[in-house]
Amino acid sequence: MRVKGIKDDIAGVIFDMDGLLVNSEELYWQANIQAAEEEHLGTPRDAYLKLTGATIKEMQDFYHKYFKTETDRDHFIKRTDDLVGQWTDEGKLKLRPGVQQALDEFKDKGLQMAIASSNYENVLQHFLWATGIRNYFDFHLSYLDVQKGHIKAKPAPDIYLAATQKMNLPKENLLVFEDSSTGVQSAKNAGIKVVMIPDLLAPNDKDKKNATMICDSFNEFLQKI
């Protein structure tokens with residue numbers, strides 16, 4: 001696949017999932033707000049945006065700041081996960097704009113496709129089945145693979161390097177799609193070209209430096225091929 005602005009031919013694409021392929025980051029944000037209001041935490045609604053694409057350390061720092069005990073934290077996380085799962089079953093989980101068209105286009109062009117997500121395996125499977133896109137991908141990596149492989153989570157390059165090895169393609173012929181700063185940094189650290197399609201948070205100066213290109217949606221990216 002030839003892409004305007006990229007000199008190398010693209011033979012494989014690797015996707016993040018949350019906030020990129022599906023609107024789950026928005027659902028998690030709303031679930032965080034509802035769970036916090038149920039527990040009367042009194043935290044500002046925009047505080048939970050800090051969890052969007054957060055590193056493990058950033059998440060730990062957030063929980064340490066707002067929760068007195070690990071039990072309180074775990075209850076909050078479980079309530080959030082349960083709400084997102086419920087809303088997914090109710091049909092509120094949606095593909096983001098242009099995703100279906102992009103998957104169809106990439107499939108028609110014979111590209112290898114994979115997912116490299118920091119989310120849990122059962123959640124990833126739930127989302128893929130709910131949206132009907134499971135069969136587009138040759139394989140997927142999740143937080144289970146991070147644990148099993150004893151590799152570091154994003155923004156470390158490990159999960160993208162693992163995906164590259166599994167695809168058995170040169171890095172120059174791969175393209176990563178990400179929505180978050182953490183994910184963009186991970187792909188950059190792995191030495192793979194990355195297209196940022198932001199979700200809840202606008203790109204920062206570091207994103208603009210690290211990303212190969214930034215598009216408003218997959219629809220905009222499709223205009224470049």
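Helices here are DSSP runs of H or I with at least four residues, strands are runs of E with at least two, and both are numbered from the N terminus. This is a predicted model, in which local features need pLDDT of at least 70 and side-chain atom pairs count only at pLDDT 80 or more, while totals for chains, interfaces and linings use all residues. Residues are numbered from 1 along each chain as its sequence is written, and side-chain values use heavy atoms, with hydrogens and water left out.

Now turn to the other selection in α5 (residues 121-131): Val-123, Leu-124, Phe-127, Leu-128 and Thr-131 are its buried residues, buried being under 20% relative accessible area. They lie on the same side of α5 because they cover an arc of only 130 degrees around the axis, taken from the directions from the helix axis to the C-beta atoms.

What do the buried residues of α5 pack against? Show α1 (24-38), α3 (70-89), β2 (112-116) and β3 (139-141); contact means heavy atoms within 4.5 Å.

Next, keep α3 and α5 on screen. Val-84, Gly-85, Thr-88 and Asp-89 in α3 meet His-126, Phe-127 and Ala-130 in α5. The residues of this contact divide into three nonpolar, three polar and one charged.

Finally, select Gly-132, which follows α5 and has a positive phi, near 75 degrees.

Notes. Buried < 20%, exposed > 50% of the residue type's maximum accessible area, 1.4 Å probe, protein only. Nonpolar A, V, L, I, M, F, W, Y, C, P; charged D, E, K, R; others polar.
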